[in-house]
Amino acid sequence: MRGCSNLHKTQDKNLYFRSTRSEKEMVLASEAIIKGIASDGGLYVPESFPKFEKSLLELSSFDYRELSFYILKKFFTDIEWADLKACIGKAYDEKFDNPLIVPLVEKKGFFFMELYHGPTLSFKDMALSILPHLLQVSTLKRGIKKEIVILTATSGDTGKAALEAFSNVEGTIIIAFYPKGGVSKIQERQMITQEGKNTFVIGVEGNFDDAQQGVKEIFSDQEIPRVLGDRYIFSSANSINIGRLFPQLIYYFYSYLNLLKTGNIKEGENINVVVPTGNFGNILASYYAKRIGLPINKLICSSNENNVLYYFIRSGVYDMRRNLKVSLSPSMDILVSSNLERLLYELCHHDPGIVRNLTEKLKREGKYEVLPWMKEGLKDFYSGFATDAQTLEAIGDAYRNLGYLIDPHTAVAYYVYKNYVQDTKDNTKTIIASTASPFKFPTTVLKAIGGKVDSGDEFSNLERLAEISSLPVPKNINDLSKKKVIHNLVCKKQEMKSLVLEILKNPDDFKS
Ligand SMILES: *Cc1c(COP(=O)(O)O)cnc(C)c1O
């Protein structure tokens, strides 16, 4: 590589990140990626939105990796270009089962942006595939020699996507806790068969909140660093990390460019996007894409019956004082959407005092209302929701009328979009974010399209779904029932910490 003049090049102008909650901090991307969350508990937000020199037409010849580089170098300005390119190359490669990485599928005028071609069949792969590599170059860049320990509690999709992403990445160890009996058969199987010398998967006797609580306690524990010394640095890989957020902008641009290339839109023409929303990460990425110039008209936020965001977007009132409902679209079962804090920051034109007040109010009273003038910015959004019955109806509708199989999360978006069109008569071309493969939720999908459901056994439902739809089972779950179980640890919530200590004292021994 000698003689390559670009090797150590970074963006000429640095972009700083600040906290949503105070003006104290100002950090570059590598630091924000390592820390995950600001010292005051706020989220890192870009100080300003970068501009693109290239026109959309010029960008339309880029493939997924080239476009990733063009976009990410504007945000991660202190990561050297050669490193960033290497991260992108390792992230978006053959582990995606489609060479386009994110294909845009048209069915009778509906455009489905399939974000589920990664190794775990959910859209979490889009960002988690690159995060470990960004973390690795960030720690190197900052001269940190410690090993990175990723601790996560998962209710399903995130845990497996993180395990897969961190598996065998040098300098990292990942420990994932899941509620034993609280995830689907397929999800559990995906996790306990995880390969990789640095992966640990542990079932917790209890529900998701128990596992989550246990992980939080470990993060704030004082004894752990004393016992382990400074060999490790803990991180969480959760969706508020900027290393997960900004890679999610890429596919909005990419899909827009796809529409442009295929002559479905003209340069500069507006589109809408519909996003099945949980933690508000994916839709926030589309909002940021709009802010840096992607021509988007409406951002259509779709929820299931945990529809706190639906009311928020319509009224400016966020009210989480209710019970969480377990729905058919489990990855959207959330009452506190953490990334919403970043939207608040934009709505109040970057006034951290206002954001801090609102978040404190939420903690104290379970509710807040934004200031009247902040509601202006909510006009970029439209919101709707689907009940479980409507979700099933939407899967059946797409199957019968479009000849297309969709998963329950995508179905929520499809349902809300159809209502939107009825409601507004808006015929702007629209991209529907398809966030999971239908084969990840075979029982629900099979039931929705009128197939016979073998109640207990998800694996036989998987076979039947493939048979009825004449589609192949995606290769990443096809051999799942035959894969060797590698992880069989189960513990009580009170034992989580001692188990983590035991693992970290000697990870290699623990494994063999
Ligand atoms: C995580 C997830 C979502 C929600 O995305 P957010 O970024 O949390 O809003 C939707 N669908 C699927 C399948 C997911 O895994």
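In what order do the six strands of the open sheet lie, and what is the pairing? I will come to that in a moment. First, a caution: what we are looking at is a predicted model.

Now the answer. The six strands run in the order 3-4-14-9-10-13, and their pairing is mixed. As background, strands of a sheet pair through backbone hydrogen bonds, either parallel or antiparallel. At the edges of this sheet are strand 3, residues 104-107, and strand 13, residues 381-385. Each of those two pairs on one side only. From one strand to the next, the twist averages 25°.

Strand 10, residues 296-303, runs parallel to strand 13, and five bridges join the two. To find one of them on the screen, look for Ser303, whose bridge partner in strand 13 is Phe385. Helix 14, residues 308-315, lies across both strand 10 and strand 13. The angle between helix 14 and strand 13 is about 145°.

Next, the whole protein. There are 23 helices and 15 strands. The C-alpha trace spans about 60 × 55 × 55 Å along its principal axes. Does the radius of gyration agree or disagree with that of a compact globule? For 512 residues, such a globule would have a value near 24 Å; the protein has 22 Å, which agrees.

Now two helix pairs. Take helix 3, residues 64-75, and helix 12, residues 247-261: their axes are 9 Å apart, and they pack at an angle of about 130°. That angle makes helix 3 oblique to helix 12. The crossing is right-handed. From helix 3, the contact uses Tyr64, Leu67, Ser68, Ile71, Leu72 and Phe75. Helix 12 brings several residues, including Pro247, Ile250, Phe253 and Leu257. Counted by type, this contact has 12 nonpolar residues, one polar and no charged.

The second pair is helix 8, residues 185-192, with helix 20, residues 458-469. Their axes come within 9 Å and cross at roughly 105°. Angles of 65 to 115 degrees count as roughly perpendicular, and helix 8 and helix 20 are therefore roughly perpendicular to each other. Here Lys185, Ile186 and Arg189 of helix 8 meet Glu458, Phe459 and Leu462 of helix 20. This contact divides into three nonpolar residues, no polar and three charged.

So much for the two contacts: no charged residues between helix 3 and helix 12, and three charged ones between helix 8 and helix 20. That is the end of my slides.

Terms used:
Residues numbered from 1 in each chain as written. Predicted model: local features only at pLDDT ≥ 70, side-chain atom pairs only at ≥ 80, totals over all residues. Heavy atoms only, no water. Axes fitted to C-alpha atoms, helices over the stretch in contact; angles between N-to-C directions. Helix = DSSP H or I, 4+ residues; strand = E, 2+ residues; numbered from the N terminus. Parallel < 35°, antiparallel > 145°, perpendicular 65-115°, else oblique. Left-handed = near helix turned anticlockwise from the far one by under 90°. Contact = heavy atoms within 4.5 Å. Nonpolar A, V, L, I, M, F, W, Y, C, P; charged D, E, K, R; others polar. Pairing = 2+ DSSP bridges. Rg over C-alpha atoms; globule rule 2.2 N^0.38 Å.
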